[in-house]
Amino acid sequence: MAAAMCVDDEAASAAAESAGVDKLDLGAAAGGKRSVYLMDCAPVWGCASTRGRSAEMEDACAAAPRFADVPVRLLASRRDLDGLGLDAGALRLPAHLFGVFDGHGGAEVANYCRERLQVLLRQELRLLGEDLGQISCDVDMKEHWDELFTGCFQRLDDEVSGQASRLVGAVQESRPVAAENVGSTAVVAVVCSSHVVVANCGDSRAVLCRGKEPVELSIDHKPDRKDERARIEALGGKVIQWNGYRVSGILAMSRSIGDRYLKPFVIPKPEVTVVPRAKDDDCLILASDGLWDVVSNEEACKAARRQIQLWHKNNGVTSSLCDEGDESNDPAAQAAADYLMRLALKKGTEDNITVIVVDLKPRKKAKSNS
Amino acid sequence: MVGLVGGSTARAEHVVANAGGEAEYVRRMHRHAPTEHQCTSTLVKHIKAPVHLVWELVRRFDQPQRYKPFVRNCVVRGDQLEVGSLRDVNVKTGLPATTSTERLEQLDDDLHILGVKFVGGDHRLQNYSSIITVHPESIDGRPGTLVIESFVVDVPDGNTKDETCYFVEAVIKCNLNSLAEVSEQLAVESPTSLIDQ
């Protein structure tokens with residue numbers, strides 16, 4: 001089965017490495033390597049979750065391998081694609097979705113997000129694929145992602161509050177998913193062979209480990225963030241320090257799905273980051289603040305990278321590439337997620353903990369004996 | 001909609017015109033004597049449900065979670081539920097508190113008055129005392145309920161009176177909105193709702 005990245009020609013790969021190439025080759029080079037846009041990208045992830053010392057479990061997480069195909073126009077401009085000889089209109093890349101949802105006031109909204117966001121996103125990507133053919137100008141691809149995620153998160157929030165109807169079984173339901181004080185964070189990553197796209201709403205977090213260093217793919221929505229406080233106060237709200245900075249003195253985050261009692265101050269609009277993948281990407285970590293409150297980005301990256309390497313060193317390459325690995329947790333990434341969860345528990349976090357680790361390192365396919 | 005009726009430190013921007021007997025109810029039933037380091041406020045909510053349904057929810061000192069969305073569970077100490085009884089309330093996540101210990105100060109089933117005082121917990125609300133009253137009224141020609149809730153509380157170190165009132169009011173508004181939702185739902189489900197009162 002395919003590992004995270006396929007490399008057709010070992011010699012060409014070795015040559016590229018010796019030349020000190022930092023970025024993945026984007027074109028169909030003479031050496032025979034395929035464009036990064038044409039490579040397959042099997043999902044390699046692990047997820048660990050625990051209620052920890054809390055009385056309730058209000059976290060949820062989602063892993064949806066190959067949940068949708070992403071139009072390549074969302075990942076590169078028409079000009080770049082034309083230069084590669086690729087048909088910009090038709091080409092789509094398989095993509096995987098990973099998400100962490102940290103609920104508060106109850107688990108209903110987090111659980112709803114876990115199930116519903118991928119459905120909405122898949123629908124929007126399909127529709128967008130049809131629309132992109134009509135777009136003649138080169139609108140910045142990030143604007144497309146902003147619009148796409150903002151629409152999905154808003155729809156999700158409208159369904160949660162009962163403002164938009166939703167299907168329950170085969171029946172249209174328009175009552176709220178939960179009481180007005182229930183809400184959830186949502187940090188999601190769309191991973192394909194060429195890019196990682198992150199959308200974040202609330203104070204969960206996504207961190208990319210690149211060249212052994214952490215790269216923040218999201219910025220926590222805390223009420224004392226200068227721009228968030230200004231936005232809230234411009235709307236007539238208040239940020240009050242009451243055991244930490246809180247919206248109306250109550251909620252410790254400035255954006256969430258749900259929490260309609262704090263509208264219009266607490267909004268579901270995500271902040272989106274689009275990052276091209278690179279050769280020295282190690283892994284991606286998405287986690288709730290049960291982890292990030294007690295483990296720094298640097299420490300998490302170092303630990304995750306080390307745990308993945310340790311697993312492969314101790315288990316060899318072959319056994320991690322079994323057939324079922326394509327659609328289920330990867331044991332090396334799972335070991336990393338488990339380790340981070342236990343580390344947070346050991347450091348005394350009081351909250352639920354949810355961690356997803358996505359291994360982004362290309363690993364060579366095992367040679368067949370037959 | 002939730003409105004604000006003048007307490008001694010009510011803010012001008014939240015004062016609504018007094019309608020009907022609101023001012024009279026506040027004067028007679030919602031007296032607080034705040035000290036220099038306390039703040040006080042009063043909120044009102046009009047609910048499209050008959051008063052007996054609303055009162056049945058409000059008066060349950062042992063089950064505040066029936067209408068208060070922030071309450072996870074509640075345990076009353078001792079066997080008898082009477083003035084002076086204590087309850088230990090566990091609070092849901094998403095708030096700056098986990099527990100609150102509260103004393104039943106007043107429960108009048110004839111005048112529909114409930115008085116509660118906070119005597120412990122991690123909410124930073126020292127000497128918090130609240131009074132909630134419910135009153136029959138007519139809304140769109142149907143029996144409805146006017147709910148009035150007032151409170152007085154110490155202003156904690158590090159916060160202003162304005163901040164403290166704003167925080168407490170935000171919690172009470174959420175409770176009153178939920179009380180409206182729950183009781184209006186009960187009114188819809190009750191086949192005799194139109195002929196009550």
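Modeller: We shall discuss the interface and then a sheet. This is a predicted model, in which local features need pLDDT of at least 70, side-chain atom pairs count only at pLDDT 80 or more, and totals for chains, interfaces and linings use all residues. Residues are numbered from 1 along each chain as its sequence is written, chains are lettered from A and ligands numbered from 1 in the order in which they are written, and side-chain values use heavy atoms, with hydrogens and water left out.

Colleague: How many residues of chain A are in contact with chain B?

Modeller: Contact means heavy atoms within 4.5 Å. Here 25 residues of chain A are in contact with 25 residues of chain B.

Colleague: How many salt bridges are counted between chain A and chain B?

Modeller: A salt bridge places a side-chain nitrogen of Lys or Arg within 4 Å of a carboxyl oxygen of Asp or Glu. The count between the two chains is three; one of the pairs is Arg260(A) with Glu181(B), at 3.8 Å from N to O.

Colleague: In what order do the strands of the open sheet in chain A lie?

Modeller: Strands are DSSP runs (E, at least two residues), numbered from the N terminus, and two strands pair if DSSP finds at least two bridges between them. Five strands of chain A form this open sheet, in the antiparallel order 1-16-15-9-10.

Colleague: Why is one side of strand 1 and of strand 10 of chain A left without a neighbour in the sheet?

Modeller: Strand 1 (45-50) and strand 10 (213-216) of chain A stand at the edges, and each has a single partner strand, so one side of each lacks a neighbour in the sheet. Further inside, strand 9 (residues 205-210) and strand 15 (residues 281-287) of chain A pair in the antiparallel sense over six bridges, and Val207(A) has Ile285(A) as its bridge partner in strand 15 of chain A.

How values were computed. Helix = DSSP H or I, 4+ residues; strand = E, 2+ residues; numbered from the N terminus.
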